[in-house]
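Reader: Could you walk me through a few local features of this model, with the cut-offs spelled out as we go?

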Amino acid sequence: SNAEKCFLTALTLEPNYYDALVSLGALYKEKGRAKESEEYLRKAISIQPGLPFAKYSLGILLKHMGKFEAAITLLDGLDYKDSEQTLVMCLYLSGKKEQFRERLELSIKRGEVNTIVGSLGSRAEARYRWDKPNLFCKEPLDYVDKTSLLGKCDFNKLFVRPALDILGTAASKEHQSILTNGLQTAGNIFELEKDLMSPVEEIIRSEVQLYLEKHCESEEGLMRHWPSHYSLYGWFISMQRGGALDAHIHESGWVSGCVYINVPPKKAVDSGNLVVCTEDTRKFNEVGPDQKKTVDVLTGDICLFPASLMHYTIPFDSSEDRIVLAFDVK
């Protein structure tokens with residue numbers, strides 16, 4: 001990309017240029033090139049150890065790489081953005097149960113209403129049977145909504161054609177460690193492809209408004225603290241036969257959503273369906289079946305749910321690609 005070339009050129013002129021190092025680190029993280037991202041961020045930290053941004057960025061990266069102990073060391077005591085919430089997540093994922101309990105309770109006591117703490121509260125309740133206040137959403141499975149767009153717009157013109165066009169020509173696609181037999185576009189598709197995606201964004205915003213109106217009387221923090229302004233961040237995911245997406249959350253979202261551009265015919269009952277869950281029921285035996293919901297999705301459907309919910313895709317068997325527009329209300 002042009003940005004990458006500019007940053008690399010800057011570093012040939014000034015190898016210790018902090019801003020270029022952190023920018024490259026962020027760029028490579030976005031592209032899924034974790035090893036290179038880590039290299040540049042570590043060099044930036046060695047040059048300016050007192051500045052928080054590179055440490056924060058590296059901490060986030062290490063968490064995504066599964067290097068939880070290293071991430072904890074970097075994030076502990078770092079007062080920057082959502083570093084505290086990310087630290088608590090790393091404590092949970094690394095199995096440090098008592099340290100996790102202590103930091104989670106501290107976050108709740110502070111009155112923090114955000115996706116990460118909400119997700120961790122739900123996951124701790126599912127896995128450890130802890131009954132603690134959840135300031136984001138205590139019953140997130142009650143806020144999973146699905147509807148069809150087929151009767152509301154020219155779906156083929158507004159959604160299918162742009163998706164195929166963008167997936168066919170997108171210069172930047174990336175592999176995700178949680179994605180099997182598939183690719184996704186890199187960056188915010190609503191910003192990168194404004195001409196094609198503007199009508200799509202308008203329709204999604206109208207669906208988000210209907211979601212808000214439906215649940216507006218809820219006492220959950222998700223609704224009571226609904227942001228006065230929001231942006232949409234989206235990306236296309238294309239999966240081939242056997243494709244699946246592991247359980248995850250979108251930590252920077254408020255509400256997450258999917259528009260199903262193409263769902264291949266189902267050879268098994270749940271083939272290619274969406275599963276939303278408070279904790280990954282396949283990973284932890286302690287988690288009960290009441291902690292998940294399987295959403296039967298078809299071409300043309302849109303699904304919205306609290307971003308604190310984990311979600312994954314059931315593998316499918318088809319010669320057709322399964323294409324989804326995933327997005328976050330941020």
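This is a predicted model: local features need pLDDT of at least 70, side-chain atom pairs count only at pLDDT 80 or more; totals for chains, interfaces and linings use all residues.

Reader: Starting with the helices, at what angle do α2 and α3 cross?

Author: Helix α2 (residues 18-30) and helix α3 (residues 34-47) cross at roughly 155 degrees, and their axes come within 8 Å. Here axes are lines fitted to C-alpha atoms, for helices over the stretch in contact, and angles run from 0 to 180 degrees between N-to-C directions; helices and strands themselves are DSSP runs (H or I, at least four residues, for helices; E, at least two, for strands), numbered from the N terminus. That makes α2 roughly antiparallel to α3, since angles over 145 degrees count as roughly antiparallel, under 35 as roughly parallel, 65 to 115 as roughly perpendicular and the rest as oblique.

Reader: And which residues of α2 and α3 make the contact?

Author: On the α2 side they include Tyr 18, Leu 21 and Val 22, and on the α3 side Tyr 40, Leu 41 and Ile 47 are among them, where contact means heavy atoms within 4.5 Å. The residues of this contact of α2 with α3 divide into 10 nonpolar, two polar and three charged; Ala, Val, Leu, Ile, Met, Phe, Trp, Tyr, Cys and Pro count as nonpolar, Asp, Glu, Lys and Arg as charged, and the others, Gly among them, as polar.

Reader: What about α2 and α4, parallel or antiparallel?

Author: The axes of α2 and helix α4 (residues 52-64) are 11 Å apart at an angle of about 20 degrees, and the two helices are therefore roughly parallel to each other. Tyr 18, Val 22 and Lys 29 of α2 meet Phe 53, Ala 54, Ile 60, Leu 61 and His 64 of α4, a contact with six nonpolar, one polar and one charged residues.

Reader: Switching to strands, how many residues of β4 are buried?

Author: In β4, 12 of the 17 residues are buried, so the strand is mostly covered, with buried meaning under 20% relative accessible area, exposed over 50% and partly exposed in between (1.4 Å probe, protein chains only).

Reader: Which strands does β4 pair with?

Author: Strands pair if DSSP finds at least two bridges between them. β4 runs antiparallel to β3 (residues 179-185), with five bridges joining them, and pairs in the antiparallel sense with β10 (residues 322-329) over eight bridges and with β9 (residues 310-313) over two. As examples, Thr 180 has Ala 244 in β4 as its bridge partner, Phe 236 is partnered by Leu 325 in β10, and His 248 stands opposite His 311 in β9.

Reader: Where is Gly 242, and what is it in contact with?

Author: Gly 242 lies in strand β4 (residues 232-248) and is partly exposed, with a relative accessible area of 29%. Leaving aside neighbours within four places in sequence, Gly 242 is in contact with Thr 180, Asn 181, Pro 315 and Phe 316.

Methods: Residues are numbered from 1 along each chain as its sequence is written. Side-chain values use heavy atoms; hydrogens and water are left out.
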